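Subject: The structure you asked about

Hi,

Here is the structure to look through. Open it first, then read on for what turned up in it.

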Amino acid sequence: MDFKRIGWIFFFAFLGVNIFLFNIYQEADSEQDVVYRSDQKIPIEKRLDSENISYTNNFSKEALQGYYLSGTPTNLQNAVVKEREQLADPDFLKSQTTIKDSKLTHELAETVAFTDTKEAKNVVKKFLTTSDELIFGDDYTYMSKWSNWTDEYPRIFAAQTYEGIPINDDSSLLTVNMTQDTQGYQLLNYTQTHISDLTPLREAMTLYTEEDAINTLYVNNKIPAKSTIKWQQLTYTLTLKVRGQYVYVPAWFVAIVTDDNSLQIEQVNALTNRVITNSTVQTVENP
C-alpha cells in the first residue's frame, strides 16, 4: 500500500475543502459588511442632521415579514376575452384598446375630472372598483407616493399588493395618464400590466427595518449632503425571470431630492440589507 500517495491525496482533499470553506466565509463576510458598518451607536437622524439632510419623521425600527414571491405575467388578451364571456358583453374593452407584450393600453371613453390632488385617492379608488373600462381593478391599490403631479401630463399609479406590500415594478402596474387645465385634472387613458398566481417560494422571513435601509444608504454614500429624503416605502421588486415565472424580493425604495432639485430613487434589499439600485434582472431562458 502506497501510504505516501494516500497521504498526498488526503492533503489535497483537505486543501480543497479549506479553500472552499474560506471562499464561503469571504462571501458571507462581504455580504455582512454593510450591515455591520451601519450598526453604529450614533443615531442615523443625528448623522443626517450633521450633513443638512432633511427628512420628515424618525425612521421605523419595526421588523416586518416578507417573502420571495413568484408570479406569472397575465395574458391580458385571454383575460379580456374571458371577461367578455362572463359579462356577456362582446364590446368590453374592444374599442380604443391595444394589447401588446403583456401590456394593455386603453383610451377612456368616460373621463373623470377632479380639482384637487387631495381628491385623487377617492377618485382612483372609485375608478378601480366601479369602472366598466378596466379589468382586475380590485387587484390594485392607489400609490400616492409614486404619483407625479409636476409634469405636463401628470400620472397616478396603482399597484398590485401581497399581504399589504405593493409590487413596485413595471410588470404589475396601472398607470393612469391625465391632463391638467384651469378646471383641474382629467383622466385620459391608462396602461396596465398584471401578475397572476402570486405565491411565496418559502416561509416568511424577518426583514431589515426602515432605519436599517437608511443606514445602509448613508454609509454607502447614496444620500448626498443637503438633500431631502422625500419618502421611503417597503415594496416588492423584480429580480429574476425563470422560464416565464417572475421572482420578486422585498426591498426598501427611498426617494431622495438632491440639492440641485433632481430626484433619485435608491433601493435596498430588505432580506440582505444591500444596495440594489442598479442591479439588473437576471433571466433564465428555456434550454
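Let's start with the largest pocket. Its lining is made of 25 residues, and the ones nearest its centre are Trp146, Ser147, Asn148, Phe157 and Leu263. Keep in mind that this is a predicted model. The pocket has a volume of about 600 Å³. Which elements give two or more residues to the lining? They are β6, β7, β9, β10, β13 and β15. The largest share comes from β6, with 5 residues.

Next, the inside of the protein. The largest nonpolar core holds 32 residues, and Leu48, Ile214, Ile223, Ile229, Tyr236 and Tyr248 have the most contacts within it. At least two of the core's residues come from each of these elements: α2 (44-50), β11 (195-200), α5 (210-219), β13 (228-242) and β14 (245-257). The biggest giver is β14, with 6 residues.

Leaving aside residues up to four places away in sequence, Leu48 touches Ile53, Tyr55, Phe59, Ile214, Tyr218, Ile223 and Ile229. There is also another core, apart from that one, with 25 residues, including Leu93, Phe114, Ala120 and Ala158.

Ala120 brings us to helix α4, which covers residues 120-130. Which of its residues are buried? Ala120, Val123, Val124, Phe127 and Leu128 are. If you look down the axis of α4, these buried residues fall within an arc of 130°, so they line one face of the helix. The spacing makes sense once you know that an α-helix has 3.6 residues a turn, so residues three or four places apart point the same way. On the other side of α4 you'll find Lys121, Asn122, Lys125, Lys126 and Thr130, which are exposed. And what do the buried residues of α4 pack against? Their partners are β5 (113-114), β6 (140-148), β7 (155-162), β9 (173-181) and β10 (184-192).

Last stop: the strands β14 and β15. They run antiparallel and are joined by 7 bridges, with β15 spanning residues 263-269. Trp252 stands opposite Val268 in β15. The two strands form a hairpin with 5 residues between them, and Asn261 in the turn has a positive phi of about 70°.

Cheers

Notes. Residues numbered from 1 in each chain as written. Predicted model: local features only at pLDDT ≥ 70, side-chain atom pairs only at ≥ 80, totals over all residues. Heavy atoms only, no water. Core = buried A, V, L, I, M, F, W, Y, C linked by side-chain atoms within 4.5 Å. Buried < 20%, exposed > 50% of the residue type's maximum accessible area, 1.4 Å probe, protein only. Helix = DSSP H or I, 4+ residues; strand = E, 2+ residues; numbered from the N terminus. Contact = heavy atoms within 4.5 Å. Arc of directions from axis to C-beta. Pairing = 2+ DSSP bridges. 1 Å grid on protein atoms, 1.4 Å probe; cavity = no way out; pocket = protein on both sides within 12 Å on 5 of 7 lines; lining within 4 Å. Points joined across faces, edges and corners; volume = space filled by probe spheres on them.
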